[in-house]
Amino acid sequence: MHHCLIPPLEGQTNFKAKCASLRNALFPTVNNLPRQLLPPNFLTSKLDMYQQTYPVTTGKVFLAITHLKYGTSVGPYGISYTTLHHLHESAPEILPLLFEACLVHTAHPPEWKVANCVIIPKPGKLSYAHAKSYRPISPQSCFGKLRESIVARRLTSAAPRCCATHPSQMGAQPENSVVDALLRTFTPIATAISKKKTAKNGAPRPAVLTHDIEGVFNQVHPSTLQEVMQQRCLPMYLTKWISAFNTDRKIAFGFDQQSEDCSPTSAASLKVPLFHLSFSSSSVILC
Amino acid sequence: MLEKHHYPTDTTNTSYVDVVCMAQMSHSIAEANTLLEDRTNQHLHRGLHLGLTFAPSKSELLYCLRVNSKHKNISLSSHPTLRVMNTTIIPKHQIKYLGV
């Protein structure tokens, strides 16, 4: 629980009203809003992976466990990554069985969808009386996060093959980084302005325009995401599992030395690679 | 159908999760602005189906000029304007892109 007292938010002074302000601002409910269906064949795929499935092997779980970020918060149930590591070492058949069953039955247990959310003031804000001046941090079950990372790896692998991630997308790609993104943008510019000016071609005037996609993590409608994944012919079990993952998520705010009961929220806490791959693939706006 | 769209070689699109960067080579700033506006509108049009849009208040514009360019000393406000979603994007001497 955060120990600093949060000043009145959007004019609200009591704890419950502050929680409501935070929920509205940080996790807007897009799920209930009307949405436009994607036109048929709006997106295409290079490869039909719809029916493909792969078992969750001991090796894949071990790989995911070794790449976890140790020392992070343990979530509501107090089970750490270290505990999971020891569990997998001593009984390597349990986690693959569990995760395989989750995929086969396209289930994400409700206990893994609960997050306790603390808020941290964003540095440099002029006023902290608005909910958007705070960054939510939502520690979740380590079991759930391990499961997510395994699915994220599968999506990372499947998405480019289905044409679901554009080559210009550098985020959450295993072989790309911020440096690659910068080089891709600025190398042609540096080349252009270093060319000699000729009578025929005057001095080049390169311009760079950057845009942020508005509220990207909250704007993804789960049904749209599902449609996108289907049209991209991503494996059916992944599409269904992500649908289960996205629904019935709950969050409980904790600050001012108080904590609220869990309430439904949108799936804004999705892990970036998972989110990004499914979403940016959709995306069109990014390509 | 979307994959068939290609920009000319004097353009670059780079995305990093939710940040989209468009680089445009041209022979005048006015032309660059027009082309960037067109490209932005194409993105917005395609994003409509997904309920996605840009936050124009966070958009940034940079003109990359040679060190010895005569335009270096011209006030940025004197350049032709670039408008995105009815918002004028003011060019800057430096922008922050991907934390750099």
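Tutor: Start with chain B. Of its 100 residues, 32% count as buried. A residue is buried if 20 or more other C-beta atoms lie within 10 Å of its own, exposed if 12 or fewer, and partly exposed in between, with C-beta atoms placed from the backbone. This is a predicted model, where local features need pLDDT of at least 70 and side-chain atom pairs count only at pLDDT 80 or more, while totals for chains, interfaces and linings use all residues. Residues are numbered from 1 along each chain as its sequence is written, and chains are lettered from A and ligands numbered from 1 in the order in which they are written.

Chain B has one helix and six strands. From the N terminus, they run β-β-α-β-β-β-β. Helices (H or I, at least four residues) and strands (E, at least two) are DSSP runs, numbered from the N terminus.

Now the largest nonpolar core. Such a core is a set of buried Ala, Val, Leu, Ile, Met, Phe, Trp, Tyr and Cys residues joined through C-beta atoms within 7 Å. This one has 31 residues; A158(A), C162(A), L234(A) and L238(A) touch the most other members. In chain A, α2 (58-66), α4 (94-104), α5 (142-161), α7 (222-231) and α8 (236-246) each supply at least two core residues. α5(A) gives the most, with eight. Beyond its neighbours within four places in sequence, A158(A) is in contact with M49(A), L234(A), P235(A) and L238(A). Contact means C-beta atoms, placed from the backbone, within 7 Å. Another core, of 27 residues, lies apart from the largest one; A207(A), V19(B), C21(B) and L52(B) are among its members.

Next, helix α1(A), residues 15-26. Its twelve residues reach 16 Å from first C-alpha to last, close to the 16 Å expected at 1.5 Å a residue. That expected span is 1.5 Å times one less than the number of residues. K18(A), C19(A), L22(A), R23(A) and L26(A) of α1(A) are buried. They cover an arc of only 135° around the axis, so they sit on the same side of α1(A). The arc is that of the directions from the helix axis to the C-beta atoms. The face turned away from the buried side carries exposed K16(A) and N24(A).

What does the buried side of α1(A) pack against? Its buried residues pack against β1 (114-121), β2 (134-137), β4 (249-255) and β6 (263-265) of chain A. Of these, β1(A) and β2(A) pair antiparallel over four bridges. Pairing requires at least two DSSP bridges between the strands. R135(A) in β2(A) is the bridge partner of I120(A). Y134(A) and P136(A) form the covered face of β2(A), while R135(A) and I137(A) form the uncovered one.

Technical notes: Two residues are in contact if their C-beta atoms, placed from the backbone, lie within 7 Å.
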